[in-house]
Amino acid sequence: MTTGASSGNAIRRAMPAFLTYGFRPFFLAAGLWSAVALTMWIVMLDTGVTLPSRFDPLTWHIHEMLFGFVMAAIAGFLLTAIPNWTGRLPVSGGPLALLAALWLLGRIDCLISATVPPWLAVTADVSFPVVLTAVVAREIIAGRNWRNLPVVAAVIALGIANLLMHLEADDIDVPSGLGWRLGLAAVIVLISVVAGRVVPNFTRNWLAKRQSSKLPAGHGWIDRIALGVLPVGLFLWAFVPQFRPSGLLLLLGAAFNFYRLLRWRGTATTAEPLLLVLHVGYAWLVFGIALLGLITLGIDLPASAAIHALTAGAIGTMILAMMTRATRGHVGRELSADRITSLIYVLVTLAAIMRVAAAFATVWTMPLLVVSAVFWIAASGGFVLAYGPMLLLPRRDR
C-alpha cells in the first residue's frame, strides 16, 4: 500500500499541476463560465441577439448557469473530496483532462446546438454528467464509502434534469420547466447535506482554536428532520409546482433549517469572512425556501425572487465560498480571507440582493438586473484573477 501511494504521488508530481486534482480545472472553469455566460445573457437581454442554439436565450441562461457553472463547481468539489472520503488516489491526469474536455464540449454544443442533429446535441452535452456519475460512483463504491453514496443520486438527478431541458427544447412532451426545477432542487438538497457537515465542523474548529466555550451543536434530531422535510418539499415542487401541500413542507423545511443554522453559531465568526460567508450562503438558502413555500401556497410574491434567492444567493454564495476555501487549503495558503477574497464575498452578496430586489421593483427591473450582473461578473472575475494563478501553479508551502 505504501509503495502504491508513493508511486501515485510521484506520478502526480510529474504531471501538470492543473491536472492533479479535480478542483483545479473545474473551479477555474466555473469561475470563467459564470462571468462569460452571464455577460452573454445580459447582452442578449439588452440587444435581442440570439444564439444558434436550440435553447431560447432565457432557457440557455438557465441551462448554462445550472449545468455549466454549477456542474463544474460540483465536479471540482466531488473529485477533490472523494479521495478524502475513500482514501483512494484522486482522479488526475488523462481521466481528469477527459472529464474537463467533456464539460467544455457541452458548453460549445449548447451555443451551436441548432446547427447539429438533435441526437448529437443531446449526446454531446449529457455525456459529461453521465461520465461524472460513473466516476463518482466507481470511486465511492471501490472505497466502500457507503455514507457518501447518496451524492451519486444528486449527480444522477442533475444528469436527468439536463436531459429533460434538452427534450423540452426539442418539443418532446415533457412537463414544462421540469428540467430546471429538478436541477435546482437537486443542487439545493446537495448544499443542505454538504453544508450540514462542513459549516458546523469548520466553525467548531475555528472557535475551538480561540478557546470559545460555546461551540456549534452536533448533528442531531433537528438535522435529520431538516434533511428529511426539505428534499420532499423541493422534489414535490419540482414535479408538481402548483401542489399547495408542498408549500407547507417547504415552509417547514425553511423553519427547521433556520433553527439548524442558528445552532451553528455563525454570529461568532464575524472576524473571519472565509467562515462567515458559509453561514451567509446558508441563510440565503433558508430565505429562498421560505419565499418559495409562500409562493407555492398562493401568496402573491414574484416567483423570480425565490428562484434567485436560491440561485444567485444560496448557490452563488456557497460555490464561491467553497471554491475559495478549498483552493486556499489545497494549494498551501492560509485559511483566512484576504482583502480580495472578502471583496469577492461582498460582490456576490450585492449581486444577489440586487437580483432579488429586481423581482419586486418592477419599474427598476432592468437597471437592477444590470447592476446585479455587474456585481456577479466582478465577483466571478475577481475569483479567476485572484485564484487562477493558484489553480494553475503547483502547491506551495504555507
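This is a predicted model: local features need pLDDT of at least 70, side-chain atom pairs count only at pLDDT 80 or more; totals for chains, interfaces and linings use all residues.

Reader: Let's begin with the rings. How many aromatic pairs are there in the whole structure?

Author: Two rings count as a pair when their centres lie within 6.5 Å. Searching the whole structure on that basis gives a total of 10 aromatic pairs.

Reader: Take Phe26 and Phe128. Is that pair stacked, tilted or edge-to-face?

Author: A pair of aromatic rings is described by the distance of the centres and the angle of the planes. For Phe26 and Phe128 the centres are 5.7 Å apart and the planes make an angle of 35°. Stacked needs under 30 degrees and edge-to-face needs over 60, so the pair of Phe26 and Phe128 is tilted.

Reader: How many residues apart in sequence are the parts that this pair ties together?

Author: Phe26 belongs to helix α2, residues 23-47, while Phe128 belongs to helix α5, residues 118-142. The pair therefore ties together parts whose separation in sequence is 102 residues.

Reader: And is Phe128 buried or exposed?

Author: Buried means a relative accessible area under 20%. Phe128 has a value of 2%, so Phe128 is buried.

Reader: What about Phe69 and Trp376: which helices does that pair tie together?

Author: These two rings are edge-to-face, 5.8 Å centre to centre with 85° between the planes. Both Phe69 and Trp376 are buried. Their positions are 307 residues apart in sequence, and the pair ties together helix α3 (residues 57-86) and helix α13 (residues 365-392).

Reader: Now the spaces inside. What is the volume of the largest cavity?

Author: The structure has five cavities of 30 Å³ or more. The largest cavity takes up about 250 Å³.

Reader: Which element gives the most to the lining of that largest cavity?

Author: The lining has 16 residues, and Ile74, Phe77, Ile191, Ile319 and Met322 are the ones nearest the centre. By class, the lining is 16 nonpolar, no polar and no charged. Helices α3, α7 (178-209) and α11 (303-330) each supply at least two residues. With six residues, the top contributor is α7.

Reader: Ile74 is in that list. Which residues is it in contact with, leaving aside neighbours within four places in sequence?

Author: Ile74 is placed in helix α3. At 9% relative accessibility, Ile74 is under the 20% cut-off and therefore counts as buried. Beyond those close sequence neighbours, Ile74 is in contact with Leu158, Val187 and Leu190.

Reader: On to the pockets. Which element gives the most residues to the lining of the largest pocket?

Author: The largest pocket has a volume of about 690 Å³. Of its 26 lining residues, His61, Ile62, His308, Thr311 and Arg355 are closest to the centre. Two or more residues come from each of α2, α3, α7, α11 and α13. The most, eight residues, come from α11.

Reader: How does the lining of the second largest pocket divide by class?

Author: About 470 Å³ of space lies in the second largest pocket. Its 21 lining residues include Phe77, Asn84, Val198, Phe202 and Met322, the closest to its centre. The largest share, six residues, is from α7. By class, the lining divides into 12 nonpolar, six polar and three charged residues.

Reader: Last one, on the backbone. Is Asp171 buried, partly exposed or exposed?

Author: Asp171 is not a glycine, yet its phi is positive, near 65°. Asp171 is found in the loop between α6 (150-169) and α7. Its relative accessibility is 70%, and the cut-off is over 50%, so Asp171 counts as exposed.

Key:
Residues are numbered from 1 along each chain as its sequence is written. Side-chain values use heavy atoms; hydrogens and water are left out. Rings of Phe, Tyr and Trp (its six-membered ring) pair if their centres lie within 6.5 Å; planes under 30 degrees apart count as stacked, over 60 as edge-to-face and the rest as tilted. Helices (H or I, at least four residues) and strands (E, at least two) are DSSP runs, numbered from the N terminus. Buried means under 20% relative accessible area, exposed over 50%, partly exposed in between (1.4 Å probe, protein chains only). Contact means heavy atoms within 4.5 Å. On a 1 Å grid over the protein atoms alone, a cavity is a set of points where a 1.4 Å probe fits but cannot get out, and a pocket is an open set with protein on both sides within 12 Å along at least five of seven lines; lining residues have an atom within 4 Å of a point. Grid points are joined across faces, edges and corners, and a volume is the space filled by probe spheres set on the points. Ala, Val, Leu, Ile, Met, Phe, Trp, Tyr, Cys and Pro count as nonpolar, Asp, Glu, Lys and Arg as charged, and the others, Gly among them, as polar.
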